[in-house]
Amino acid sequence: MTIGEPFDSGRDPALGELLRRHFEAADHDAFAALVMARLPQGASLWDVLARWARPGIAAAVLIAAALGYWTVARETAQSAAEPTGELAAAGRSMDTEALMGAVLGRSR
Amino acid sequence: MSGAVRIPAESEAELVRRAQAGDREAFGELVVRHAPMVRRLARAILRDPEDADDAAQDAFFSAWLAIDRFDAGQKLAPWLARIAMNAAKDLRRRRAVRATEPLDAGAALMRGSTRAEADDLLLRTRLAEAIAALPERQRVAILLYEVEGYAHAEVGTLLGIPEGTVRSDVFHARRALRAALREPEGRDDDR
């Protein structure tokens, strides 16, 4: 091999060839066949799912948020209505705060 | 790029375009053409041949998944080289990569060899030991420069380091390897 000067910046073909031989792997055709066998055939089910994942998750979040809001609003309205009925059933007069709460709760 | 992979630009661009359109056969042709470079690079990082081939396979798999995002006007080799280096480092993170010893000269092998074969085996053994002793970045830098044919600046871009650092890495790696090949008894004497 060429023994060049220590500060030369050119390539050393002899050293390059030794390095190539050292790092070279065998049977590239068999390797390529292995690679190709691993590749997905066309658009797989996972590809389709992956394509739909982001909008699907966004839609699910929106639906969950709407359902949550609807459920909370419904329960709030029901719980606000209860004291009126209880007070009325007990034959007691309602104070202003309870009355306002009941009215506002119903109107939501 | 002044790379060692000499492929007519048009034909490679055409293969890339076909691969981007989902043509597996075209991608297979690109795999065949670039497998030697990708496998060498993975070996320079992982050293164990089996791990290196696993990483090289991962690299081509990633390349297939990302080929539609590749700019067909660019050279494919540097893009693949970058993917290969990432795949090798990723594989090393994911699993404890098998530790490798530098190739042993194999006294038994040498016994039945001719003088020339024994000398060649000894040379390769010393080279393997010296390569194994190099820091990873120097190992990859000298491979990209001396074997794959990239310029210092291109190696710097691929490795994400300044050109001056590449020159220094290549210089030190080359000096260590030359010393190992020249001085069988006292490898570190002239460092």
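Q: What makes residues of helix 4 of chain B count as buried in this predicted model?
A: A residue is buried if 20 or more other C-beta atoms lie within 10 Å of its own. In helix 4 of chain B, the residues that are buried are B:Leu76, B:Ala77, B:Leu80, B:Ala81, B:Ile83, B:Ala84, B:Met85, B:Ala87, B:Ala88 and B:Leu91.

Q: How do you know that the reach of helix 4 of chain B is close to the expected one?
A: Helix 4 covers residues 76-94 of chain B, which is 19 residues. From first C-alpha to last it reaches 27 Å, and 27 Å is expected at 1.5 Å a residue.

Q: Why is helix 7 of chain B called roughly perpendicular to helix 9 of chain B?
A: Helix 7 (residues 136-147) and helix 9 (residues 163-182) of chain B pack at an angle of about 95°, with axes 8 Å apart. Angles of 65 to 115 degrees count as roughly perpendicular, so the pair is described that way.

Q: What makes the contact between these two helices?
A: Helix 7 of chain B brings B:Arg137, B:Gln138, B:Arg139, B:Ala141, B:Ile142 and B:Tyr145. Helix 9 of chain B brings B:Val166, B:Asp169, B:Val170, B:His172, B:Ala173 and B:Arg174. By class, this contact has 6 nonpolar, 2 polar and 4 charged residues.

Q: What makes up the side of chain A that touches chain B?
A: The contact takes 24 residues from chain A and 30 residues from chain B. On the chain A side, helix 1 (13-23) and helix 2 (28-38) each supply at least two residues. Helix 2 of chain A gives the most, with 8 residues. By class, that side of chain A has 14 nonpolar, 4 polar and 6 charged residues.

Definitions and conventions
Residues numbered from 1 in each chain as written. Chains lettered and ligands numbered in written order. Predicted model: local features only at pLDDT ≥ 70, side-chain atom pairs only at ≥ 80, totals over all residues. Contact = placed C-beta atoms within 7 Å. Helix = DSSP H or I, 4+ residues; strand = E, 2+ residues; numbered from the N terminus. Nonpolar A, V, L, I, M, F, W, Y, C, P; charged D, E, K, R; others polar. Axes fitted to C-alpha atoms, helices over the stretch in contact; angles between N-to-C directions. Parallel < 35°, antiparallel > 145°, perpendicular 65-115°, else oblique. Expected span 1.5 Å × (residues − 1). Buried ≥ 20, exposed ≤ 12 C-beta atoms within 10 Å, placed from the backbone.
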